[in-house]
Amino acid sequence: MPYIDEALLDDLDELQRKDSQGTLRALASAGAQVREGLTLAHEAGIERLVAMDRPRSVLVAAVGGSAIVAEVLELLAEPGSPVPVQARRNLPLPGWVGPLDLVVAVSLSGRAPGPLAVAAEAARRGAMLLTVGADDSPLAEVCRRARGVHVGVGRGRTSSRTALWTMLTPVLLGADGLGLLDAPPSMLEAVADRLDRKAEEMRPSSESFVNPAKLLAVQLAETVPVVLGDGPLGGVAAARASSMLARTARIPATFGELPDAASGIVACFDGPYTSLGGRRHGTYDDSRIRLGDIDTSSWEPHHFDEPEGELRERATGPDQGAGRDIFADPYLDAPSPPPLGLLLLRDAPLEPPTRESVEAEALTDAVLTTARGAGVRVMEVEAQPGPPIVRLADHVATVDFTATYLAIGLGLDPSVSPHVADLRDRTR
């Protein structure tokens, strides 16, 4: 099981020493990135994009740490966009893309092969272009030759993982101007304010017993993590969490989104990483766990080898990993695998609630009840109320800071991976 040094998380000198490229400082600048992005977008002439005719469709090209830009645009545009919005990571460019369409290409360095190739092919076909990346880059040059709109990313942005809002803000502003989604400057200012509050709440000087990101990092370090979003917004945040845990903390984490992922996630509760895994004689019908038909009382009963009182204590006790034998000798007995950890990213409750939101919440609660009963360590993070992009910012800030503190607590530099450097050297 990975060992996380909790004392290290409260040692400001060690935090700074381990964080060689200032990842925590860069994450704390997220609110400033939004405000800078608004300024840079206006200076680049984002209004020219708005003055054009509404496109027939929008295609967004982004990869790696920038990929969430495409996911966010799809998420926010889906409910009300009058034109389809689609993500694309690389060539081939769909055959239908032409002069009536808008292609958005995002790359912090402006050199990522996928977005660069997509933008070049789109320009060849005469499509409208909006690009975001370094000013002195091939991507910027492709956009200028096509008479598109290129928005720079300013100075000091060295990693796409920590410069999300620098890249996302101009894209949201342009999409709002085209009527694809609702993200006017006033709402983006609210995003900046929310990000500032999260940065203050999760600052390095905030001690681990009150800092939500440090607390979550300690809990996640002791588990095999699964990240689950309770809907589309939480699903995008869950994908971001999985990416950040892998790339920043070097912890592989699967992710999913309700309702589709319910059965796949719940099936893991029968596996070797739960206190009850492998000890079931009976099963329940997991087809009952679905929207519109949540009735836990109708599940088939479980049968266990242990007394009912002991089972209840394991399922409901303060330590959700209580199913493990506390008297086991780690030198004589087989080593115990780390427990499964379920990180649930919940959206803010809908006010007033609808029938669909009530059913969705019932499904989420059913999954959590099943998880706790199986001895899964459950962690919940709920976004604070606000417009969708503000609520998403809430979740993204939490998972970004958590992954960074987790890396540092494990003794890793969150911004430097020797194996990633080796891979780059071998593929140049």
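Biologist: At what angle do helix α8 and helix α9 pack?

Modeller: α8 (residues 164-177) and α9 (residues 185-201) pack at about 160°, and their axes lie 10 Å apart. Axes here are lines fitted to C-alpha atoms, for helices over the stretch in contact, and angles run from 0 to 180 degrees between N-to-C directions. Helices (H or I, at least four residues) and strands (E, at least two) are DSSP runs, numbered from the N terminus. Keep in mind that this is a predicted model: local features need pLDDT of at least 70, side-chain atom pairs count only at pLDDT 80 or more, while totals for chains, interfaces and linings use all residues. Residues are numbered from 1 along each chain as its sequence is written, and side-chain values use heavy atoms, leaving out hydrogens and water.

Biologist: Why are α8 and α9 called roughly antiparallel?

Modeller: Set the angle of about 160° against the cut-offs: under 35 degrees is roughly parallel, over 145 roughly antiparallel, 65 to 115 roughly perpendicular and the rest oblique. So α8 and α9 come out as roughly antiparallel.

Biologist: Which residues of α8 and α9 meet?

Modeller: On the α8 side, Trp165, Thr169, Leu172 and Leu173; on the α9 side, Pro185, Leu188, Val191 and Leu195. Contact means heavy atoms within 4.5 Å. By class, that gives seven nonpolar residues, one polar and no charged ones. (Nonpolar covers Ala, Val, Leu, Ile, Met, Phe, Trp, Tyr, Cys and Pro; charged covers Asp, Glu, Lys and Arg; the others, Gly among them, are polar.)

Biologist: Is lysine 198 buried or exposed, and how do you know?

Modeller: Buried means under 20% relative accessible area, exposed over 50%, and partly exposed in between (1.4 Å probe, protein chains only). Lysine 198 has 10% relative accessibility, so it counts as buried. This lysine 198 sits in α9 and touches Asp394, Ala397 and Thr398, leaving aside residues up to four places away in sequence.

Biologist: What makes strand β3 largely enclosed by the rest of the structure?

Modeller: Five of the five residues of β3 (residues 102-106) are buried, so the strand is largely enclosed. Leu102, Val104 and Val106 cover one side, Val103 and Ala105 the other.

Biologist: How do you know that β3 and β4 pair?

Modeller: Two strands pair if DSSP finds at least two bridges between them. β3 and β4 (residues 128-132) have five, in the parallel sense, with valine 106 opposite valine 132 in β4. β3 also pairs with β1 (residues 58-61), again in the parallel sense, over four bridges.

Biologist: Why are β7 and β9 called edge strands?

Modeller: The open sheet of four strands runs β7-β6-β8-β9, with parallel pairing. β7 (254-257) and β9 (377-382) each pair on one side only, and that makes them the edge strands.

Biologist: How exposed is leucine 350?

Modeller: Leucine 350 is at 46% relative accessibility, so it counts as partly exposed. It lies in the loop between β8 and α14.

Biologist: And which side of the cut-offs does arginine 147 fall on?

Modeller: At 72% relative accessibility, arginine 147 counts as exposed. Its phi is near 60°, a positive value in a residue other than glycine.

Biologist: Why point that out? Most residues other than glycine have a negative phi, and most peptide bonds are trans.

Modeller: Arginine 250 also has a phi near 60°. As for peptide bonds, a cis one joins leucine 91 and proline 92, with omega about 10°.
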